[in-house]
Amino acid sequence: MNNSKSTFKQILYIIMGALLMGFLWRVRGEHGWGSSWGLLNAGFIYTMFVVFIKGSRKKLDLGWIGLTALSFMITTPGWGTLLNQITGVLHVADEDYPVTVFTSIPAAVFLMVCLGFGLAAIFGIMLGRGFSEKQWRIKDFVILIAVFCITDLIVNLFISPFILKLVQPEAVDLFQKGLEIEGSDLTPYSAYLKNFKDLGYAKKLVGGRNYYQSIETISSAISAIASIITTRFVIKDKVAAKTGAVTCGAFAYAITVSDLFFYFGHGGYHMLNNSYLPEFFSSWGCWEYFTGFAAGAILTAFIVYLKPEKNVEELAFSNVKEKPRAILTFVLSTLFMIGVNIVRPVLVRFEDTDVTVPAVILSVLFALVFIIILVKRYGINSSKKPMYIHSRLILIFFVTYIIAVYLAVGSSDCTHLWGNYAFQHLMVVISAIIINIWLYIDILTLRARRKKENEKLS
């Protein structure tokens, strides 16, 4: 392949990575894929995409892809109260006690950067691990998770509350006001310690949810830094540490820049104006899509130009016999990953309706049929054919399945096929179509190449 074609293919991969992550991140905010389950879906499908464009790796077989996707669920902060702060307004109103508090835009930007940086640290490290020659042991994974969790606990308790007070004292004052309204004589910090990690308690108080989530956001960023340093200097995996840092940086940039949709969509500085955006553009939906799009572009560009090290197997679980290992891989990465990502969206979108039970039964049967096809074609642990071939089928299936469910499955308030043509929905549809066309063209190109090779041999 000549350089021009190689460059074109690399650029094409970056565009597809941006479209895919934009698609997955917008869907992640939709009914059926919300919270950490949406990150599981995004992590699983994006990792399949990475395997497809980079080729099969022993450290990214079906089982390790499943564990990499699961790692995305570990670092899920809350962000509901943070997004409007870029306008310089910390809190607009409470149902019982109308409150308007003005804060600094730099403080809001700082929190958004922290939010993005701490969002996917373990996922980025796990993804990079797949391309390094460092053979991880079980204790390395234990060290990584322990460092993240212990750091998160310590900074939540003793560091982040004071950083928040320094950077955004208005958040502390607002929570103090909420405590006073409730007749409490506690300070924000003492109330936080007394009700540690209890977001249900915080939501009942004016400014409480924002205070808790701001502390959590700062803590997740510090924990991400600790995890990357540990990976580099304790576990000694340069590729994993670098990929983790790039992943954190990509989401920090993407989630912060995309927050401009909230700035312009909510009237600019101090929300003094009407929205600068037409009704066609939803602040929340556009923020979600373009966060994924920008992060996907940056991360995919890094992966495209990443030079994988020697292709080795992990030491972790290498002592497990082949048959039990295959069964574990099947349970984790086929039954669980594929089953959950097929059934859960249907369950949630039909929740509390008269057709919940039949809808779930149909989705379970659909999942079982697809799993049987995969096992028959690729084996119980995808050992019959290279993983990148398996990943292509997974990508085509899930992009098609997700867009179908997103548009037309569920109760009327969940679907977007009729009467809802907001920009983010249009971008999700366009992304799905382009990605699938690209994947089908790749299949046709590969078949044509094989046909030519067979003709030459004959």
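In the predicted model, the largest nonpolar core comprises 114 residues. Within this core, the residues with the most contacts are Leu20, Phe23, Phe44, Tyr46, Phe49, Ile338 and Phe398. Helix α17, spanning residues 387-408, provides the largest share of the core, with 14 residues. The surroundings of Phe398 were examined with residues up to four places away in sequence set aside; on this basis Phe398 touches Phe44, Ile45, Ile338, Asn341 and Ile342. Of these partners, Phe44 and Ile338 are also listed among the residues with the most contacts inside the core. In soluble globular proteins, nonpolar side chains tend to be buried together.

Helices α15 and α16 (356-378) each contribute at least two residues to the patch, and α16 gives the most, with seven. Leu368 counts as partly exposed because its relative accessibility is 40%, a value between the limits of 20% and 50%.

Helix α15, which covers residues 322-349, also contains Thr329. With a relative accessibility of 12%, Thr329 is classed as buried, because this value falls under the 20% limit. When neighbours within four places in sequence are left aside, Thr329 is in contact with Leu62, Gly63, Thr334 and Asn381.

Terms used
Residues numbered from 1 in each chain as written. Predicted model: local features only at pLDDT ≥ 70, side-chain atom pairs only at ≥ 80, totals over all residues. Heavy atoms only, no water. Helix = DSSP H or I, 4+ residues; strand = E, 2+ residues; numbered from the N terminus. Buried < 20%, exposed > 50% of the residue type's maximum accessible area, 1.4 Å probe, protein only. Contact = heavy atoms within 4.5 Å. Core = buried A, V, L, I, M, F, W, Y, C linked by side-chain atoms within 4.5 Å.
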